[in-house]
Amino acid sequence: MRAPGGLKGVTAIKLRVLFDIDGTLLLTDGAGRAALGRALEVIYGTTGPLAGFNFHGKTDPQIVVELLTRAGVQEAEIRSRLSSVWPVYLEALERELEDRRLRGRIVLLPGVRELLARLERRPEVRLGLLTGNIEPAARLKLTAAGVSARFDVGGFGSDSEVRIEIARIAVDRCRSASGPGAAPAVVVVGDTPEDVACALAVGATAVAVATGRHGVAELEAAGADAVFEDFSDTGRVVGFVLGAGGVAGLEGGAESGRRR
Ligand SMILES: [Mg+2]
């Protein structure tokens with residue numbers, strides 16, 4: 001796209017929208033769990049209590065440490081082999097995702113495709129990721145679900161074991177990627193109380209969606225600024241997100257609507 005008039009055509013980035021992946025954008029029918037089980041078996045000879053383990057809101061390294069600690073593996077041993085887990089995990093994840101994709105088991109959640117497209121169209125908005133997935137796993141899951149949106153800044157489980165630390169890293173990257181001038185507003189979108197806590201810890205707006213394991217009331221109690229059952233009423237979601245970034249109303253119409 002040409003920017004007529006040189007710099008005048010460059011739109012400042014006013015808003016960064018950081019998305020969680022699992023339960024927020026898509027569901028992978030247990031591909032991550034199966035792949036991690038495979039990797040833990042290969043590297044540590046045990047998966048720990050994998051079957052009933054709650055992955056939601058946790059980072060990939062945190063999940064490994066918690067599972068193996070419960071299996072009685074010493075922390076020093078867990079950490080000394082942690083970096084060996086990821087190549088095995090990624091190889092297994094690619095296979096598990098492909099298997100499920102072929103069987104139609106990878107679900108892109110309601111309204112997600114339209115939500116991403118409508119936000120991405122706005123020149124003053126950039127999409128990003130804030131997820132407990134290590135970065136290559138995040139990319140594999142998005143590809144498997146057919147998400148083509150461009151997420152240009154992010155924080156990942158490969159940046160830190162601690163989700164709030166990932167949020168701080170992601171927000172720092174948002175600021176430095178946006179260049180000089182006013183720092184962009186940040187909206188964090190997720191499906192767990194942990195996502196909400198991250199948003200609040202970094203001074204971002206928290207948008208929560210009840211398409212994971214947590215209901216609307218629980219997400220509201222966690223302090224989310226807006227909670228949606230799902231993203232099927234896309235205009236309302238876009239309106240809220242743009243409003244949080246102070247860029248609503250430029251198109252008028254449905255997107256100027258606020259929640260309640
Ligand atoms: Mg999630």
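Helix axes here are lines fitted to C-alpha atoms over the stretch in contact, and angles run from 0 to 180 degrees between N-to-C directions. Helices (H or I, at least four residues) and strands (E, at least two) are DSSP runs, numbered from the N terminus. With that in hand, take helix 6 and helix 7: their axes come within 9 Å and cross at roughly 45°. The two helices are therefore oblique to each other; angles under 35 degrees count as roughly parallel, over 145 as roughly antiparallel, 65 to 115 as roughly perpendicular and the rest as oblique.

Before going on, keep in mind that this is a predicted model, where local features need pLDDT of at least 70, side-chain atom pairs count only at pLDDT 80 or more, and totals for chains, interfaces and linings use all residues. Residue numbers start from 1 along each chain as its sequence is written.

Back to that helix pair. The crossing of helix 6 and helix 7 is right-handed, a label that applies if the near helix is turned clockwise from the far one by less than a right angle, with anticlockwise giving left-handed. On the helix 6 side you'll find R163, I164 and A167, which meet E194, A197, C198 and A201 in helix 7. Contact here means that the C-beta atoms of two residues, placed from the backbone, lie within 7 Å. Sorted by class, this contact has five nonpolar, no polar and two charged residues. For the bookkeeping, Ala, Val, Leu, Ile, Met, Phe, Trp, Tyr, Cys and Pro are nonpolar, Asp, Glu, Lys and Arg are charged, and the others, Gly among them, are polar.

Now zoom out to the domains. The assignment gives domain 1 (4-28 + 106-259) and domain 2 (31-102), with bounds that come from an automatic or database domain assignment. Their C-alpha centres lie 26 Å apart. The contact between them takes 21 residues from domain 1 and 17 residues from domain 2. Which elements give two or more residues to the domain 1 side? They are helix 5, helix 6 (163-177) and helix 7 (193-201), so the helix pair we started with turns up again. Helix 5 brings the largest share of that side, with five residues. By class, the domain 1 side divides into eight nonpolar, seven polar and six charged residues.

Helix 5 (residues 135-144) also has a partner to look at, helix 3 (residues 75-102): the two axes come within 10 Å and cross at roughly 10°. That makes helix 3 roughly parallel to helix 5. The residues that make this contact are L90, L93, E94, L97 and R101 of helix 3, and P136, A137, L140, K141 and A144 of helix 5. They divide into seven nonpolar, no polar and three charged. The crossing of helix 3 and helix 5 is right-handed.

Next, follow the chain to helix 9 (residues 234-244), where nine of the eleven residues are buried. A residue is buried if 20 or more other C-beta atoms lie within 10 Å of its own, exposed if 12 or fewer, and partly exposed in between, with C-beta atoms placed from the backbone. The buried residues of helix 9 are T234, V237, V238, G239, F240, V241, L242, G243 and A244. They pack against strand 1 (15-19), helix 4 (112-120), strand 6 (185-190), strand 7 (205-209) and strand 8 (226-228).

How do helix 4 and helix 9 pack? Their axes are 10 Å apart, at an angle of about 40°, and the two helices are therefore oblique to each other. E114, L115, R118 and L119 in helix 4 meet T234, V237, V238 and V241 in helix 9. That contact divides into five nonpolar, one polar and two charged residues. Just after helix 9, G246 takes a positive phi of about 70°.

Most residues other than glycine have a negative phi. D29, in the loop between strand 2 (26-27) and helix 1 (31-44), has a positive phi of about 55° although it is not a glycine. D29 is partly exposed, with 18 other C-beta atoms within 10 Å.

D159 sits in the loop between strand 5 (151-155) and helix 6. Is D159 buried or partly exposed? D159 is partly exposed, because 19 other C-beta atoms lie within 10 Å. Leaving aside neighbours within four places in sequence, D159 is in contact with I166 and I169. The C-alpha atoms of D159 and T59 are separated by 9.9 Å, although the two are 100 residues apart along the chain.
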